[in-house]
Amino acid sequence: MTLGSQDSASGHRSVAVVFRNSGSTTCRLTGYPGVDAVGGDGRTLAHAERTPRGYLGGVAQGARPSAVTLRPGGVASALVEASGFRADGASCTAYARLVVTPPDDVRSVRLRWDTDSCSDLEVHPVVAGATGRSG
């Protein structure tokens with residue numbers, strides 16, 4: 001797993017979590033990865049809400065997560081979104097890392113995310129390709 005493309009708009013931030021099949025056989029991913037945001041001190045700050053779509057992307061409205069088949073070397077991704085502010089205007093601690101667990105797995109990976117995001121953490125379903133967006 002690695003972090004891929006990033007985007008921002010109107011105080012919202014996103015990053016694609018990219019899954020690469022480094023094995024020699026085909027595999028499948030379906031659904032949502034588990035995602036937690038961790039602060040610079042290592043404390044868990046948020047658990048991502050699983051949503052099909054957010055401000056910056058995701059899957060089509062009403063679409064159900066579908067299976068993504070990955071041949072050796074193939075990639076899939078899931079978009080993670082967060083806000084760089086709290087709705088109530090209070091200050092918040094920026095996320096320093098994401099702890100990501102692929103769908104149907106128990107092994108997590110820590111990935112550094114240089115962001116000012118600090119609230120409203122969401123993750124969208126796994127899709128084919130490296131953008132985290134369907135289509």
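Glu81 in strand 8 has Glu122 as its bridge partner over in strand 11, and the two strands run antiparallel with three bridges joining them. Keep in mind that this is a predicted model, where local features need pLDDT of at least 70, side-chain atom pairs count only at pLDDT 80 or more, and totals for chains, interfaces and linings use all residues. Residues are numbered from 1 along each chain as its sequence is written, and side-chain values use heavy atoms, with hydrogens and water left out. Strands here are DSSP runs of E with at least two residues, numbered from the N terminus, and two of them pair if DSSP finds at least two bridges between them.

**Strand 8 and its partners**

- Strand 8 covers residues 75-83 and runs antiparallel to strand 2, with nine bridges joining the two.
- Glu81 also stands opposite Ser14, and Ser77 is the bridge partner of Val18.
- Strand 12 (residues 127-128) is antiparallel to strand 8 as well, with two bridges between them.
- Ser77 turns up again in that pairing, where its bridge partner in strand 12 is Val127.
- Strand 8 is mostly covered, with eight of its nine residues buried (buried means under 20% relative accessible area, using a 1.4 Å probe and protein chains only).

- Strand 1 (residues 2-9) pairs with strand 2 in the antiparallel sense, over six bridges.
- Val18 of strand 2 stands opposite Thr2.
- Two residues sit between strand 1 and strand 2 in their hairpin, and Ser10 in the turn has a positive phi of about 50°.
- His12 belongs to strand 2 and is buried, at a relative accessible area of 19%.
- Not counting residues up to four places away in sequence, His12 touches Asp7, Tyr55, Leu56, Ala82 and Ser83 (a contact means heavy atoms within 4.5 Å).

**The nonpolar core**

- The largest nonpolar core has 22 residues, and Val35, Val80, Leu98 and Leu121 touch the most other members (a nonpolar core is a set of buried Ala, Val, Leu, Ile, Met, Phe, Trp, Tyr and Cys residues joined through side-chain atoms within 4.5 Å).
- Two or more residues of this core come from each of strand 2, strand 4 (34-38), strand 7 (68-70), strand 8, strand 9 (97-101) and strand 11 (119-123).
- Strand 8 gives the most to this core, namely four residues.
- Leaving out residues up to four places away in sequence, Leu98 touches a list of residues that includes Leu3, Val15, Val35, Val80, Val109 and Trp113.
- Asp36 and Arg110 are also among the residues that Leu98 touches.

**The largest pocket**

- The largest pocket has a volume of about 280 Å³. On a 1 Å grid over the protein atoms alone, a pocket is an open set of points where a 1.4 Å probe fits, with protein on both sides within 12 Å along at least five of seven lines. Grid points are joined across faces, edges and corners, and the volume is the space filled by probe spheres set on the points.
- Of the 15 residues that line this pocket, Phe19, Leu29, Pro102, Asp105 and Arg107 are the closest to its centre (lining residues have an atom within 4 Å of a point).
- Strand 2 and strand 3 (27-29) each supply at least two residues of the lining, and the largest share, three residues, comes from strand 3.
- By class, the lining has eight nonpolar, two polar and five charged residues (Ala, Val, Leu, Ile, Met, Phe, Trp, Tyr, Cys and Pro count as nonpolar, Asp, Glu, Lys and Arg as charged, and the others, Gly among them, as polar).

**Two loop residues**

- Pro33 sits in the loop between strand 3 and strand 4 and counts as buried at 1% relative accessibility.
- Leaving out residues up to four places away in sequence, Pro33 touches several residues, including Phe19, Pro102, Val123 and Val126.
- Gly74 is in the loop between strand 7 and strand 8, and at 19% relative accessibility Gly74 counts as buried.
- The C-alpha atoms of Gly74 and Arg20 are separated by 5.7 Å, though these residues are 54 residues apart along the chain.
- Setting aside neighbours within four places in sequence, Gly74 is in contact with Phe19, Arg20 and Asn21.

Notes
Buried means under 20% relative accessible area, exposed over 50%, partly exposed in between (1.4 Å probe, protein chains only).
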